[in-house]
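Here's a quick briefing on one protein chain. Have a look at the fold first, then work through the points below.

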Amino acid sequence: MRVLLLFIFIAMISACTPPQRDCERFHTGTFQYTAVIDGVEETTVFRRTANLEISQFQGRTDSASVRWINPCEYIVTTLNPGSPGEEKPIHMKILSTTDNSYTFEYKLVGESQASRGTAIKTD
């Protein structure tokens, strides 16, 4: 009985282990993010330096400033917004990492509704 209780206790502790987050590895580089938009799978490719992100989506290139809040969170602000909807900064939070990808949550600054995605590091 003691062995069973010990096994259950160890299993409970290991189940509570937080996800791996080696965020610094993903501060810079080239990444690919795929999402379904209006039923169509769309891919964005972006290159991020310490303070700039350049993305290519549907044949359009955009640039944004990057300001890191902490090792796993940053704010992206479009430098030349093409519409009022692009003027608001986006809060990005890395939730977990693997060897070549990270899962993130993003939302407009000041909003409560967030979405999730996974970016794959390609370089």
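Accessible areas come from the Shrake-Rupley method with a 1.4 Å probe, and for residues only the protein chains shown count as cover. On that basis, the protein chain exposes about 8300 Å², with carbon and sulfur atoms supplying 56% of it. Keep in mind that this is a predicted model: local features need pLDDT of at least 70, side-chain atom pairs count only at pLDDT 80 or more, and totals for chains, interfaces and linings use all residues. Residues are numbered from 1 along each chain as its sequence is written, and side-chain values use heavy atoms, with hydrogens and water left out.

**The overall layout**

- You'll find one helix and eight strands in the protein chain; these are DSSP runs numbered from the N terminus, with helices being H or I of at least four residues and strands being E of at least two.
- Starting at the N terminus, the order of elements is α-β-β-β-β-β-β-β-β.
- The protein chain has 123 residues, and 25% of them are buried (buried means under 20% relative accessible area, exposed over 50%, and partly exposed in between, using a 1.4 Å probe and protein chains only).
- Contact means heavy atoms within 4.5 Å. Among the contacts with a separation of 6 or more, 28% are between residues 24 or more positions apart.

**Aromatic rings**

- A pair of aromatic rings is described by the distance of the centres and the angle of the planes.
- Rings of Phe, Tyr and Trp (its six-membered ring) pair if their centres lie within 6.5 Å; planes under 30 degrees apart count as stacked, over 60 as edge-to-face, and the rest as tilted.
- Searching the whole structure turns up eight aromatic pairs. Take Trp68 and Tyr74: their ring centres are 4.3 Å apart and their planes sit at 45 degrees, so this pair is tilted.
- Tyr102 and Phe104 also make a tilted pair, because their planes are at 55 degrees, with the centres 5.7 Å apart.
- Tyr74 is buried at 2% relative accessibility, Tyr102 is buried at 1%, and Phe104 is buried with a relative accessible area of 5%.
- Which residues do ring pairs link into a cluster? They are Phe26, Phe31, Tyr33, Phe46, Tyr102, Phe104 and Tyr106.
- Arg48 lies over the face of Phe31, 4.7 Å from the ring centre. For a charge to sit over a ring, NZ of Lys or CZ of Arg must be within 6 Å of the ring centre and within 35 degrees of the ring normal.

**The nonpolar core**

- A nonpolar core is a set of buried Ala, Val, Leu, Ile, Met, Phe, Trp, Tyr and Cys residues joined through side-chain atoms within 4.5 Å.
- The largest one has 16 residues, and Phe31, Phe46, Tyr74, Ile94, Tyr102, Phe104 and Ala119 touch the most other members.
- Two or more residues come from each of strand 1 (29–37), strand 4 (60–70), strand 5 (73–78), strand 6 (90–97) and strand 7 (101–108).
- Which strand gives the most to this core? Strand 1 does, with three residues.
- Leaving aside neighbours within four places in sequence, Ala119 is in contact with residues including Phe31, Phe46, Tyr102 and Phe104.

**Residues to look up in the strands**

- Thr97 is in strand 6 and is buried at 6% relative accessibility.
- A polar atom of the Thr97 side chain lies 3.0 Å from the backbone nitrogen of Asp22.
- Lys93 is in strand 6 and is partly exposed at 29% relative accessibility.
- Lys93 and Ile69 are 24 residues apart in sequence, and their C-alpha atoms are 9.6 Å apart in space.
- Glu53 is in strand 3 (residues 52–57). Is Glu53 buried or exposed? Glu53 is buried, at 12% relative accessibility.
- The side chains of Glu53 and Arg48 are joined by a polar contact of 3.0 Å (a pair of N or O atoms within 3.5 Å; within protein, one must be able to donate a hydrogen and the other to accept it, and residues adjacent in sequence count only if both atoms are side-chain atoms).

**Two loop residues with positive phi**

- Asp38 is in the loop between strand 1 and strand 2 (40–48). Asp38 isn't a glycine, yet its phi is positive, near 55 degrees, and this residue is exposed at 79% relative accessibility.
- Gln58 lies in the loop between strand 3 and strand 4. Gln58 isn't a glycine either, and has a positive phi of about 50 degrees; at 56% relative accessibility, Gln58 is exposed.
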